[in-house]
Amino acid sequence: MEGLALTDTMIGMKVGRYRILDALGEGGTGEVFAAEHEVIGRRAAIKFLRQEAATDKTAVDRFIEEARAVNGIRHPNIVDITDFGELDGRHFLVMELLEGETVSDRLARIGRFEELHAADIAHQVASALTAAHEVGFIHRDIKPENLFLTEHPDRPSFVKVLDFGIAKFMDILGQRGRHTSTGTLIGTPTYMSPEQCLGKSDIDGRSDIYSLGVVLYEMVTG
């Protein structure tokens, strides 16, 4: 079963020590659910790889790579992944449950951001990307939908960068990524750098910075 029917069957299901409470949304790589730890009551988000991708080795490898990427970066502005597993042939990640809205949702609600607010958001994202690039990961899909704004005691819009599911591992010594080749287009074209749109395999962190610039322009101008 796919789509809504599949989502409906997940509610109430036990995943490890967590029980699924509700569906939160879905994206290009998977479906996300709210869940609660049955013993300590802690809430979490569980992201399942799409069922149609479960037998695709490349898709599974990218999904596993997402968990490794986030765990290796360990940055406060990147969503935290706490566990990884497999249930009935479907791989899943356990992540922190965020409350708030994406930059995309806020833009739809308010039209545009004040300049200083937009600059603060961009600064946080740039900090997260710097940390990712230093350990060899390029996000490759920076866009408003992947930037989540949550409340924080120290600032009103604390950013969490989401979805490293199409991240490309970039060997610090110059080796190419494992899962793409020239001519493969991965990302969201509206926000992609020209070289990424051309499907080049040797892109680096500057491509993410280009995408962040597009997002900053959109935040300021609407």
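User: In what order do the three strands of the open sheet come?

Analyst: The order is β7-β9-β10, with antiparallel pairing. Bear in mind that this is a predicted model.

User: Which are the edge strands?

Analyst: β7, residues 100-102, and β10, residues 155-161. Each of them pairs on one side only.

User: And by how many degrees are neighbouring strands of this sheet turned against each other?

Analyst: The average is 30°, with direction ignored.

User: What holds strands of a sheet together in general?

Analyst: Backbone hydrogen bonds pair them, in either a parallel or an antiparallel way.

User: Back to β7. How many bridges join it to β9?

Analyst: Three bridges, and the two strands run antiparallel. β9 covers residues 147-152.

User: Which residue in β9 is the bridge partner of Thr 102?

Analyst: Phe 148.

User: What lies across β7, β9 and β10?

Analyst: Helix α3, made up of residues 103-110. Its direction is at about 90° to β7.

User: Zooming out, how many helices and strands are in the protein?

Analyst: Six helices and eleven strands.

User: What share of the residues is buried?

Analyst: Of the 222 residues in the protein, 49% are buried.

User: And the accessible surface, what does that come to?

Analyst: About 11200 Å² for the protein. Carbon and sulfur atoms contribute 52% of that surface.

User: Last one, on contacts with a separation of 6 or more: what percentage is between residues 24 or more positions apart?

Analyst: Such pairs account for 56% of those contacts in the protein.

How values were computed:
Residues are numbered from 1 along each chain as its sequence is written. This is a predicted model: local features need pLDDT of at least 70, side-chain atom pairs count only at pLDDT 80 or more; totals for chains, interfaces and linings use all residues. Side-chain values use heavy atoms; hydrogens and water are left out. Helices (H or I, at least four residues) and strands (E, at least two) are DSSP runs, numbered from the N terminus. Buried means under 20% relative accessible area, exposed over 50%, partly exposed in between (1.4 Å probe, protein chains only). Contact means heavy atoms within 4.5 Å. Accessible areas come from the Shrake-Rupley method with a 1.4 Å probe; for residues, only the protein chains shown count as cover. Two strands pair if DSSP finds at least two bridges between them. Axes are lines fitted to C-alpha atoms, for helices over the stretch in contact, and angles run from 0 to 180 degrees between N-to-C directions.
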